[in-house]
Amino acid sequence: RDFNERCAQCSEVNWGLTDGGRFYCRSCHNVTERTREVVNTDFITNSRVQTISKGLKKQEKTDGGCEWYICEGFQLVLKKQVEALEALGVCPQMKDEILCNFWRCYLQKSKQAYCKRPAGETVKALSVCESSTDVDSDPERPSVLHLLSLSESEGDLQTDCSFASSVSKVSESTSVYSGSVDGSLYLMKNQKEKLRMTMPMTLSFCYLALLWVREPITLSELLRFVVEGHIPYMNVFQHFPEKMKLCGLDLKIFCVESWPVYEEVFNKMHELAAFLDLPRFPDITESCFLHPDMLCMKYLMEANLPDELHNWTCRVVKKTGIGEVDFLTLMPGNKSTRKVKYDVLAAAVIVVVLKLLFLLDDHYEWLLSEFAEERNKNNTEDKMCLFYSGGPYFEFKKWYEVVKRSLDVEQKKLDEEKAKYLWRCEKPLFYSVKNKSKVLKRRQMVVNLQNQFGKLSGSVQRAEKPNPSSFQLSWSEENTDGSCFHGHSLKGVLQEKWGLLTAMNPDYWLCTVKLCNEKLCGHLAHYREVEFPQSYHFVLGLFSFLLRIQPSYIHDEVCMIEHRLFNKKLCKKLKYNTVLRK
Amino acid sequence: SSNEHKLNFKKSKEACLSYIQDALLQKQWKRAAEFLTCYVESLEKDYSREHIGPSEMIWRIGTEILWHHSQNRMKEFNCFMEQMKTLGVKRYLKVCLEHVFHLLCNGQIDEAYQNLSLAESWRFGEQTAIQDKEIKLIQAYRGLLDYCSWSKQKKILLEHGEDGFADLAVEQEMHGYFRKAAVNLKEIIKIPGVWDIFVKCYVDLLEFYGEHNEARQVLNEYAYNSKFPANPNAHVYLYQFLKRQGESKKSLISVLKILHDIVPSHELMIDFNTMLQKSKKRKKRQLGLEVIFAALDYAAWKENAKAWSCLARQVKQIVISEKHLDWIKQGWNSRKDWWPDFHFSHYLAKRNWQENKNLSYEKALVAGILLGKDCKYFKYVSHQGCKARLKRFRMLKKFVTRHNLVYLRIFG
């Protein structure tokens, strides 16, 4: 921005930078020949990384493309994502300070290994000949054909025969099978130690940064925003500048055809935090949004449960110690602490509380509900009574009916959305120049058919995506039909004992008597293999929908909390501890 | 963690397809179109491993939707079909053929003909040889349309002939169509298959031009060549032809015998029985009884008065002559357990009497002979008939009573 010459055309001093790194006049759009070496302010001054920026300045190829590296692509992706987050209201420091630094750190840490072999050399060796008779090439390095069979994405490349055949005819530069310089290098397996960047990992980066600034967005929310299109992910490469030609193996890296999975993003995030050698993250305290007390309040509201339950969730949190700062705060690299999924944890707490108060064994909760119904009926005859008692008795049955109805509607909508999702974007993708015309023809046909049948269905072109909202289900107290349960009272399920309010329910059933070893079998408990009461399934299903994750994960957390809660009793093996058997 | 629940392109499109399927089954065309719009991008993915690829799905589903949803807009439909033709070389001719069918259903004969001609002239390297069968079909249908044109010309010619006008041009045209049609129809019926309509038309042509031997050969091939799938219609056509040609009863009977073996409930069984009853040969008459018994085993014949009259006549005749009573016994043996409930219940007696007096008469006769005068059916009907003072029912009652001893003798 220190270019102060006057524009040749309009004599203004109002310069901007094109993607190609040239200066252009903002007033008259005159493009000069002057270029700047380092274009992006996000780039760090690490001397090793200078080679990347050189890529933009290098000779432009005949097809108007330039040489670009995979990490530049990812950088652009991250940039877009964090801008979207900013638009959602996240603080700007996240972009300029936090994420930026994380990314720099990552580049440093991963580039260190790159420098043992200058990137260009290895790439060339790969391109010359894909047969293993090449003396220069590392015999362990898989041939390109093998690369094609890596089954990370949904295998579209492995079935594209035309591509495979074109590879054998290649004898020149790498641009034929990847638009980027290091596309093929990037996909080689032995890069695992260096934590290779993937599309899901961009979300891990985002979440890491969000966690650092303790923004009130949970991982499940983030992923939901991605699916709803508020955060670029699926076809973000279409926003790459024209010069960055994407083809061949680049597609395998940037074109994912599946939605990111919570577990994957979460685990990668922790790997990343350790890889970057990050210090202890800012404390998650009681006033923090991610603290279970806060999240429980939110989820209670969303699940249409009485506010009074919040006292109970806080009690459980306190008793189990999961509200402790040291438990909640992320300490990268620390293998002994359990990795906390804030959203799942909060949901699990609520489930445990429901089990404490209502037992959820398919009998007791309905009994309590009948009891409450009776009380409510009697009370409506006496309006004054209602006024004093502060809200009707909470009836499980009514709640179940109301919530189930809404849940079914929303689930149905969601399922249809999933089926109607359009995965492809306007930007056509070619694996190689050879099948470009075929791809374009197909694209044209698809567009024609979409128009034809779109007209028939009478649907207007996809409506604007709904505004991002934190709540998927909302319940209003103003509704006179009594479908909002926030203000309802738990009187019917509580009793006073020695001055304390306790649950009338004396029993509790543990989801599992023994916890599994998470490292060995991936879960703390196994949700599908045991039959649980329908009410329990329902409650898990509700939160599974809200968090968009599999119920088994919530189940794991429930087990974990239960074992903490009943730790003493488990050790003593008192008679209350029975696993429910059907 | 398992990736089974991971939502990806493939799963999303599978779900989309099942929504389309549901919508189609419930005839919700708009909804099906809505989901199809989302499905079409599958074309951009390679599904070479799947059994049915997206292009075929889209062709079939799109055809259904457009056919039902926009029936008045053939233009759109045709446009769509043209697109589908370009989608898959291996399917080109099939799509052409189905397009032709739709055009025919819509009465657009000329367009259909044009499409057939176009398809016939299609060449695509080795695909042409691979899709040989489809080409034959296309030629056959073109032959069929030529036959239709020939028919039309024939009609015109006959009308003109009545008026006393001779029209050479029309005649020439007619012969031209004949030649074109004959060539193609002859070809297709050489291949084992079910070609009813082609055979009928071809035989019609041959007969008109006096080529009876050829016609007979064609029909014999069609009916008796074991390579061809079993087809009752083949025998019917042969029978009808032979009848037209005035063939002997013997040959007619031999054809119908095979038909009886394949389809005992065929409508020609009445003719068959009538022919057999008149025969001088004992065996044939016995066969006739078997034939009519067999036909009446089927629900479709329950209320067929003609069939019952055939059976009644034959049974009556046997009883009167007191010869070959064992034939009746034989026929009745396998039926005595279920025919009473099936044909001769009290409920049916009432209904038959109300709806069709002739039917009830014939049935009562049979019932009376087979089940004796005390069976519910006979009792009810004859009682009603006598009450109504209908002469024949009185006669019937007398007859059955008189021959009750015979009944006892057979079934005693």
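The questions and answers below go from the overall form of one chain to single residues.

Visitor: What kind of model is this, and how many salt bridges does the structure hold over all chains?
Guide: This is a predicted model. A salt bridge needs a side-chain nitrogen of Lys or Arg within 4 Å of a carboxyl oxygen of Asp or Glu. Over all chains, the number of salt bridges is 36.

Visitor: How many helices and how many strands does chain B have?
Guide: Helices and strands are DSSP runs here. For chain B the strand count is 0. The helix count is 23.

Visitor: How far apart are B:Cys375 and B:Lys85 in space, C-alpha to C-alpha?
Guide: B:Cys375 sits in the loop between helix H20 (357-371) and helix H21 (376-387) of chain B. B:Cys375 counts as buried because its relative accessibility is 10%. In sequence, B:Cys375 and B:Lys85 are 290 residues apart. In space, C-alpha to C-alpha, the separation is 68 Å.

Visitor: What distance separates the C-alpha atoms of B:Met275 and B:Gly288?
Guide: B:Met275 belongs to helix H14 (residues 269-278) of chain B. With 9% relative accessibility, B:Met275 counts as buried. B:Met275 and B:Gly288 are 13 residues apart along the chain. Their C-alpha atoms are separated by 8.0 Å.

Visitor: Which residues gather in a patch of positive charge on the surface?
Guide: Lys and Arg count as positive. A patch residue needs over 30% relative accessible area and no salt bridge. B:Arg313, in helix H16 (residues 305-321) of chain B, is partly exposed at 42% relative accessibility. The patch consists of B:Lys243, B:Lys249, B:Lys278, B:Lys306 and B:Arg313.

Visitor: Which residue forms a salt bridge with B:Glu247?
Guide: The closest N and O atoms of the pair are 3.0 Å apart. B:Glu247 lies in the loop between helix H12 (232-244) and helix H13 (249-262) of chain B and its partner in helix H11 (residues 212-224), so the pair ties together parts that are 31 residues apart in sequence. B:Glu247 is partly exposed, at 26% relative accessibility.

Visitor: Is B:Lys190 buried or exposed?
Guide: The side chain of B:Lys190 meets that of B:Glu187 in a salt bridge, at 3.0 Å from N to O. B:Glu187 is partly exposed at 31% relative accessibility. Exposed means over 50%. B:Lys190 has 53%, so B:Lys190 counts as exposed.

Visitor: Which residues are linked with B:Glu56 in a network of salt bridges?
Guide: The network joins Glu and Arg side chains of chain B. Besides B:Glu56, its members are B:Arg60, B:Arg91 and B:Glu98.

Visitor: What is the N to O distance in the salt bridge of A:Asp408 and A:Lys404?
Guide: A:Asp408 and A:Lys404 are separated by about one helical turn, because they are 4 residues apart in helix H18 (residues 396-420) of chain A. A:Asp408 is partly exposed at 39% relative accessibility. A:Lys404 is partly exposed at 29%. Their side chains meet with an N to O distance of 3.2 Å.

Visitor: What is the phi of A:Asp277?
Guide: A:Asp277 lies in the loop between helix H11 (262-275) and helix H12 (292-302) of chain A. A:Asp277 is exposed, with a relative accessible area of 60%. Its phi is positive, in a residue other than glycine, and near 55°.

Visitor: Is A:Asn304 buried or exposed?
Guide: A:Asn304 is found in the loop between H12 and helix H13 (309-320) of chain A. A:Asn304 is not a glycine, yet has a positive phi of about 65°. Relative accessibility is 0%, so A:Asn304 counts as buried.

Key: Residues numbered from 1 in each chain as written. Chains lettered and ligands numbered in written order. Predicted model: local features only at pLDDT ≥ 70, side-chain atom pairs only at ≥ 80, totals over all residues. Heavy atoms only, no water. Patch = residues over 30% accessible without salt bridge, like charges linked within 9 Å, V, L, I, M, F, W, Y side chains within 5 Å. Areas by Shrake-Rupley, 256 points an atom, 1.4 Å probe, with all protein chains shown as cover. Charge placed at Lys NZ, Arg CZ, Asp CG, Glu CD. Helix = DSSP H or I, 4+ residues; strand = E, 2+ residues; numbered from the N terminus. Buried < 20%, exposed > 50% of the residue type's maximum accessible area, 1.4 Å probe, protein only.
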